[in-house]
Amino acid sequence: MNHLMEQQYEKLGISREVYRFGEQIEASLAERFDSFDRVAEFNQLKVLKAMQDNRVSAECFQVSSGYGYNDLGRDTLEKVYASCFGGEDALVRPQITCGTHALALALMSNLRPGDELLSPVGKPYDTLEEVIGIRPSKGSLAEYGVTYRQVDLLADGSFDYEKIKEAIGPRTKLVTIQRSKGYATRPTLSVARIGELISFIKGIRPDILCMVDNCYGEFVEEREPLEVGADMIVGSLIKNPGGGLAPIGGYIVGKKECVENAAYRLTSPGLGKEVGASLGVIQSFYQGLFLSPTVVNGALKGAVFAANIYEKLGFEVIPNGSESRHDIIQAVTFGNPDALIAFCEGIQEAAPVDSYVTPEPWAMPGYDSDVIMAAGAFVQGSSIELSADGPIRPPYAVYFQGGLTWYHAKLGILKSLQKLKERNLVNLDRLC
Ligand SMILES: *Cc1c(COP(=O)(O)O)cnc(C)c1O
């Protein structure tokens, strides 16, 4: 036993019992961690190749202002994203304020009144309900005459091909496929499964656009959805691809026409990608993308560590401790609001920023129940940084993600366990 290390953890409030339990779990994960390291290595090379092929230079880091005409850094970064993710073109902008905005932009710019949108993978992420108009909202797609259909996954998590086929009609223009589970307790989709679904849809009508909500999925596998037939992938820069350094932003990568439509909607018809000053944040977009594969690696290790800890303690965890990984989110179902709150308090206490504040449930815009969020992040709301959140509703599942380093993720999980133990919500006695 390494006593110096144990003492260091003790200084951060981790008892010997919790530390030793964590060490047991970590020791059992050596092989998994090794396989994550191989994926990170592969993706690091992918990013480097994209940067070299597109001749990223020091000039790319210059600040543009005003209209932002001829912003070399912005235009080159978009080429880098296109190369890296396998698209014809990309829109990567600080003017895209968050993931929901990027998704709304992709949808609203590629759909027209009278078109129908289909989700063949069940209910989309909470904030998209208002974008689509599932929950009535000002400016929703529904207000503009775009209708919506949804086919749920079957009970075992597989695609309901029969119903999907029935749901595709002459007005179906775009299919939205959410890679990550979001706030649902369904499995996350692997890139291979996304590919199967896209092949099925294109087999019925090849002109249907397939968009993938790629949030939390970037760099988790060697392949990305554009490599298996998607027309567009969409995500947030304060998640995986920003590597923790991008302070804002979103991206759309894919077919030239899809990206063009989005650009004309983001700025203006006629202007498109030509305007949009980068105001000095572009260097952090490059550096964040460069670091992203290793940051995602740390986050994945944290997720699997948490899964194995809480599984051993008898909680339902999704994905389970041994399943393959397709995003960085780990859900733990506590079935009890006190445990959900204790978990989030532990994550907060482990943070480098705001470690002294206590998170409380509140009504967040875009969500239909109170949500508790733990985040002591350098970038507000960044969920590639160690963070946990969960809606205060049964089954009281916490969704845990991120960690710019594995060591920070590990401390956060041990802290959460410490909190649960202190409140007698778990019992470690028979385990170590
Ligand atoms: C985070 C997320 C979004 C929305 O992103 P915000 O940046 O929070 O607006 C959409 N879909 C999925 C799957 C997400 O994880």
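A pocket is an open set of grid points with protein on both sides within 12 Å along at least five of seven lines. The structure examined here is a predicted model.

The second largest pocket has a volume of about 220 Å³. Its lining consists of 15 residues. Val121, Gly122, Lys123, Ala184 and Arg186 lie nearest the centre of this pocket. By class, the lining has six nonpolar, six charged and three polar residues.

The largest pocket holds about 1,200 Å³ of space. It is lined by 46 residues. Nearest its centre are Ile238, Met364, Tyr367, Met373 and Gly381. Of the lining residues, 23 are nonpolar, 17 are polar and six are charged. Helix H5 (99-110) supplies at least two residues of this lining, as does each of the strands S10 (371-375), S11 (387-391) and S12 (397-401). Domain 1 (3-43 + 290-422) and domain 2 (63-280) both contribute lining residues, so the largest pocket lies between them.

Glu129 was also examined. This residue is in helix H6, which spans residues 128-132. The side chain of Glu129 makes a polar contact with the side chain of Arg135, at 3.1 Å. With neighbours within four places in sequence left aside, Glu129 is in contact with Lys123, Pro124, Ile134 and Arg135. One of these, Lys123, is also among the residues nearest the centre of the second largest pocket.

Notes
Residues numbered from 1 in each chain as written. Predicted model: local features only at pLDDT ≥ 70, side-chain atom pairs only at ≥ 80, totals over all residues. Heavy atoms only, no water. Helix = DSSP H or I, 4+ residues; strand = E, 2+ residues; numbered from the N terminus. Polar contact = N/O pair within 3.5 Å; in protein donor to acceptor, adjacent residues only side chain to side chain. Contact = heavy atoms within 4.5 Å. 1 Å grid on protein atoms, 1.4 Å probe; cavity = no way out; pocket = protein on both sides within 12 Å on 5 of 7 lines; lining within 4 Å. Points joined across faces, edges and corners; volume = space filled by probe spheres on them. Nonpolar A, V, L, I, M, F, W, Y, C, P; charged D, E, K, R; others polar. Domains from an automatic or database assignment.
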